[in-house]
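Subject: Structure handover

Hello,

Here is the structure I promised to pass on. Please open it first, then read my notes below.

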Amino acid sequence: MLVTLNLRYFVLNPDEGVFIRFKELKDYPLKPLEIISLKHVKSVMMASKSLLTRQGYFYFELMHSQRMLLACKHEHVAQ
């Protein structure tokens, strides 16, 4: 599982069928950190709180070729 507590930015683009992560906001839209095809995503689900989680964030797991734990400040985005 990939775990990072660094701030990242992401875009879900259903028109192009991709989930795109960016290291910094200034990197959007020309310098993506990672592009994941939605057809390679096996599952997305809310994650339970653990020792690695921070107060005020909502976590979700994205499973594709690896497991990623991502966080956001708004619960409706994580759902």
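Which residue in β3 is the bridge partner of I20? The partner is I35.

First, the ground rules. This is a predicted model, in which local features need pLDDT of at least 70 and side-chain atom pairs count only at pLDDT 80 or more, while totals for chains, interfaces and linings use all residues. Residues are numbered from 1 along each chain as its sequence is written, and side-chain values use heavy atoms, with hydrogens and water left out.

**Confidence**

pLDDT is the predictor's confidence in each residue, on a scale from 0 to 100. The chain averages 88. Of the residues, 92% score at least 70. Strand β3 (residues 34-37) has the highest confidence, at a mean of 96. Helix α1 (residues 75-78) has the lowest, at 83. Where pLDDT is low, the predicted coordinates should not be read in detail.

Helices and strands here are DSSP runs, numbered from the N terminus: H or I over at least four residues for helices, E over at least two for strands.

**Strands β2 and β3**

Strands pair if DSSP finds at least two bridges between them. β2 and β3 pair in the antiparallel sense, over four bridges. The I20–I35 bridge links a residue to its partner in β3. β3 has two faces. E34 and I36 are on the covered one, I35 and S37 on the uncovered one.

P14 sits in the loop between β1 and β2 (18-22). P14 is exposed (over 50% relative accessible area, with a 1.4 Å probe and protein chains only), at 63%. P14 and S37 are 23 residues apart along the chain, and their C-alpha atoms are separated by 9.9 Å.

**The open sheet**

Three strands form an open sheet, in the order β4-β5-β6. The pairing is antiparallel. β4 (43-46) and β6 are the edge strands, and each pairs on one side only. Neighbouring strands are turned by 25 degrees against each other on average, direction ignored. The axes behind that angle are lines fitted to C-alpha atoms, for helices over the stretch in contact, and angles run from 0 to 180 degrees between N-to-C directions.

β4 and β5 share four bridges. V44 has L62 in β5 as its bridge partner. β5 and β6 share six bridges. F58 stands opposite C72 in β6. A hairpin of three residues joins β5 to β6.

**The nonpolar core**

Which residues make up the largest nonpolar core? There are nine: F19, I36, V41, F60, L62, M68, L70, C72 and A78. Such a core is a set of buried Ala, Val, Leu, Ile, Met, Phe, Trp, Tyr and Cys residues joined through side-chain atoms within 4.5 Å. Buried means under 20% relative accessible area, and partly exposed lies between that and the exposed cut-off of 50%. β5 and β6 (67-72) each supply at least two residues of this core. The largest share comes from β6, with three residues.

**Aromatic pairs**

Rings of Phe, Tyr and Trp (its six-membered ring) pair if their centres lie within 6.5 Å; planes under 30 degrees apart count as stacked, over 60 as edge-to-face and the rest as tilted. By this rule the count is three aromatic pairs.

Take F10 and F60. Their ring centres are 5.8 Å apart and their planes are at 75 degrees, so the pair is edge-to-face. F10 lies in strand β1 (residues 9-13) and F60 in strand β5 (residues 58-63), so the pair ties together parts that are 50 residues apart in sequence. F10 is partly exposed, at 27%. F60 is buried, at 5%.

F22 and Y28 are also paired. The centres are 5.3 Å apart and the planes at 80 degrees, so this pair is edge-to-face. F22 is buried, at 2%. Y28 is partly exposed, at 48%.

F10, F19 and F60 form one aromatic cluster.

**F22 and its surroundings**

F22 is found in strand β2. Contact means heavy atoms within 4.5 Å. Leaving aside neighbours within four places in sequence, F22 is in contact with R8, Y9, V11, D27, Y28, P29, K31, P32 and L33. Q55 is 33 residues from F22 along the chain, and their C-alpha atoms are separated by 23 Å.

Over to you.
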